[in-house]
Amino acid sequence: MKRSINKVAILGSGVMGSRIACHFANIGVEVLLLDIAPKDATDSDDKKARNKIVNDALTSSLKSSPSPIYKKSFANKINTGNFDDDLAKIKDCDWIIEVIIENLDIKKGLFEKVDGLRKPGTLITSNTSGIPINLMIDGRSDDFQKNFCGTHFFNPPRYLKLLEIIPSQKTDSDVIDFLMEYGEKLLGKTTVFCKDTPAFIANRVGVYSIQSLFHITKELGLSVAEVDSLTGPVMGRPKSATFRTCDVVGLDILAHVAKGVKDNCPNDEAVDLFESPDYIQKMLENNWLGSKSGQGFYKKIKNAEGKSEILVLDLETMEYLPKEKVRFATIGAAKAIDELPGRIKVLFKGKDKAGDFYRKSFLGLFAYVSNRIPEISDELYKIDDAMKAGFAWEQGPFEIWDTIGIEKSIELLKEGNYKVADWIAEMLGNDITSFYTIKDGKKLYYDVASKAYAEVPADPSIIILDNIRASKTVWSNTGTTITDLGDGIINLEFHSKMNVIGSDTIQGMNKAIDLAETEFDGLVISNDGANFSAGANVAMIFMMAVEQEFDELEFAMRAFQNTMMRIRYSSAPVVAAPHNLTLGGGCELCMHADKVIAHAETYIGLVEFGVGVIPGGGGTKEFALRFADEYRAGDIEINELRNKFLTIGQAKVSTSAHEAFELGYLQKGKDEVILSKVNQMSYAKHAVLGLLEKGYTKPVERTDIKVLGNEGLGIVYVGASTMKTGNYMSEHDQLISEKLGEVLCGGKLSQPTEVSEKYLLSLERKAFIELCAQRKTLERLESIIKTGKVLRN
């Protein structure tokens with residue numbers, strides 16, 4: 001049967017339900033969000049009173065940070081109601097998702113009602129995090145049973161990419177196939193097929209990992225702050241690390257999942273670890289659950305000076321104390337290494353207490369996941385995928401094990417009396433020494449059942465740079481790699497730290513355009529890094545400014561501007577495919593591309609004002625050009641100029657790719673948004689091919705850009721002076737504002753005039769260099785280099 005999801009019903013509006021509803025609204029689906037009516041509500045009450053629970057829950061979600069919605073107006077796709085009055089409306093829905101309390105009897109009672117109201121063929125799934133799927137379908141109709149399964153989203157569903165699909169014994173295989181594809185392509189998820197085992201895959205391994213750390217923390221006498229410094233980005237985990245994550249998730253939730261594993265997995269060799277240590281029990285008794293209760297491992301207070309301060313729980317005394325600085329030699333050595341695999345090797349070999357921590361943590365994890373096959377998954381890559389998408393680990397357990405080396409770790413595992421699954425020794429006995437390998441551009445994994453490598457299933461249309469880079473690299477330097485994507489299209493990827501743009505990146509961009517114009521047909525600019533690009537190399541600019549090498553700085557800025565103009569006016573089409581941080585020069589690159597295929601989670605903006613300068617790589621020019629194209633006489637025109645000015649002047653960064661259209665960084669009718677990161681590069685390649693198929697012609701450089709001159713500058717000067725007088729900005733910010741206004745308005749022209757892009761670029765470059773000569777700008781640049789934070793006056 002051909003399925004089309006036009007309307008979804010979400011039954012339960014709690015933290016997960018309301019956020020799942022928001023994510024479906026994000027992709028354009030109409031949503032019916034239902035929950036119980038208040039206990040004191042009567043039949044005579046109006047809708048507002050009877051829908052108070054669901055409406056309050058949705059409002060709370062929409063106000064939460066980070067936002068569950070890409071754009072505020074998307075929430076209009078969500079309609080609310082209650083189970084008593086509105087449950088019958090599910091007959092119009094194509095997919096019904098249950099997200100109510102984790103109580104089997106209550107769930108079954110709701111499913112009984114749903115079974116009598118849903119239309120045949122409607123998908124019905126549960127977001128349970130651990131209740132066996134097969135127990136939920138008892139007594140339900142045949143049509144219900146074959147269209148039912150588990151769909152376990154992770155919180156927050158917009159940001160955590162895992163969607164576990166768990167069939168019952170009666171689920172139709174077509175349902176599973178549909179949900180696996182729909183989840184990936186439309187919801188932007190990493191869909192993982194799971195067995196119906198306690199806690200499924202991600203929570204089984206993830207909660208084991210957290211429980212293990214609880215015990216290691218006590219064993220080694222580590223503090224909360226020390227463990228969070230050890231288990232954050234340095235080892236490829238989120239900034240929230242371990243204990244901050246526990247505070248966010250809620251200690252009661254973690255304890256509930258841990259108890260579920262302990263009670264339902266008596267044969268788990270690590271079952272004792274799921275019994276929480278005494279300090280966790282004490283916290284649960286005290287209701288110190290984390291953010292929801294106001295305190296957990298951390299507690300926010302107002303100190304004697306009235307300033308906010310974060311206190312940390314001392315696990316020995318159970319008192320909250322000021323946070324102390326943490327220093328480990330192993331951490332210091334690892335932080336000097338950019339690439340995660342190199343850092344992990346250093347961490348594992350550490351000679352201090354940190355090294356002891358990492359060895360205990362990693363070795364225990366390796367043993368545990370080896371024993372989960374085939375219990376929770378027949379294929380090891382599914383465990384890695386689940387941990388990366390559900391817990392935001394940069395590498396999964398088996399990938400980490402490969403990084404450290406299976407053979408190297410086996411002796412340590414034996415010495416530590418860790419129970420490792422027999423298939424590991426069998427694999428090594430067959431001279432297979434890694435879980436993964438790349439062959440002919442395809443990623444292979446060790447298949448335990450067949451005792452040989454098998455291909456990781458993937459849509460053949462998906463482009464994975466890691467798989468093809470070795471055999472398809474056309475050219476590379478220290479900061480970039482150009483790869484042949486096939487069909488005459490090449491890709492340029494950055495691989496500097498944070499993918500900042502420096503001289504090697506500019507060289508790579510020019511080389512890629514040369515190749516696209518002479519030997520290939522088109523160019524994609526994309527990468528698989530954590531961020532598309534954090535902007536220009538601030539350290540390089542700072543050094544030139546400090547040394548007063550303004551001729552060299554002018555040369556560097558001209559080269560960057562010329563490169564952006566080459567992207568715009570190349571004879572071959574150029575498509576940019578950004579994701580995550582796309583700031584400063586990264587934003588300017590996108591604004592000059594023929595088309596942008598932006599991942600939904602693209603945080604794009606021109607942030608140079610906060611550094612003490614204006615956008616100098618064509619970004620200010622581009623805003624002047626786009627303002628001219630939107631030119632309308634009168635007050636509306638002035639309002640548009642003000643909007644463009646404030647976007648740059650307030651260093652606005654979009655909270656999603658959709659919001660980037662409102663800010664003017666992306667353009668309607670030209671640029672597009674895609675939710676699936678794994679499909680983004682393939683789609684960008686097809687976009688280039690589409691431009692070629694239409695008949696791509698090299699654009700003509702613009703000379704007809706209408707600027708306002710003194711008419712607009714007067715408004716800018718008055719506004720900046722007023723802000724300075726009112727102490728809303730510093731004298732230096734006033735100067736930056738005036739320089740920005742001069743470029744946007746085309747300089748001090750006596751009347752509105754048409755100018756060229758080259759003219760605006762010269763104004764932009766001149767303003768940028770003049771600002772770099774300012775002492776306050778140097779202070780801000782130095783602050784960013786030292787702290788990574790913008791210094792405000």
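How many positive and negative side chains does the chain have, and how far apart do the centres of the two sets lie? There are 96 positive and 110 negative side chains, with the two centres 3 Å apart. The model is predicted. Its chain holds 793 residues, and 54% of them are buried.

**Fold and dimensions**
- The secondary structure comprises 33 helices and 25 strands.
- The radius of gyration is 28 Å, close to the 28 Å from the globule rule for 793 residues, so the chain is as compact as a globular protein of that length.
- The C-alpha trace spans about 80 × 70 × 65 Å along its principal axes.

**Contacts and surface**
- Take the contacts between residues at least 6 apart in sequence: 70% of these join residues at least 24 apart.
- The chain exposes about 34,100 Å².

**Ala577**
- Ala577 sits in the loop between β19 (574-576) and β20 (580-583).
- Is Ala577 buried or exposed? Ala577 has a relative accessible area of 0%, which means that it is buried, as the cut-off for that class is under 20%.
- Neighbours within four places in sequence set aside, Ala577 is in contact with Ile525, Ser526, Phe532, Ile597, Gln680 and Ala684.
- Asp56 lies 521 residues from Ala577 in sequence. In space, the C-alpha atoms of Asp56 and Ala577 are 37 Å apart.

Note on methods:
Residues are numbered from 1 along each chain as its sequence is written. Side-chain values use heavy atoms; hydrogens and water are left out. Helices (H or I, at least four residues) and strands (E, at least two) are DSSP runs, numbered from the N terminus. The radius of gyration is taken over C-alpha atoms; the globule rule is 2.2 Å times the number of residues to the power 0.38. Buried means under 20% relative accessible area, exposed over 50%, partly exposed in between (1.4 Å probe, protein chains only). Contact means heavy atoms within 4.5 Å. Accessible areas come from the Shrake-Rupley method with a 1.4 Å probe; for residues, only the protein chains shown count as cover. Lys and Arg count as positive and Asp and Glu as negative; His and the chain ends are not counted. The place of a charge is taken as NZ of Lys, CZ of Arg, CG of Asp or CD of Glu.
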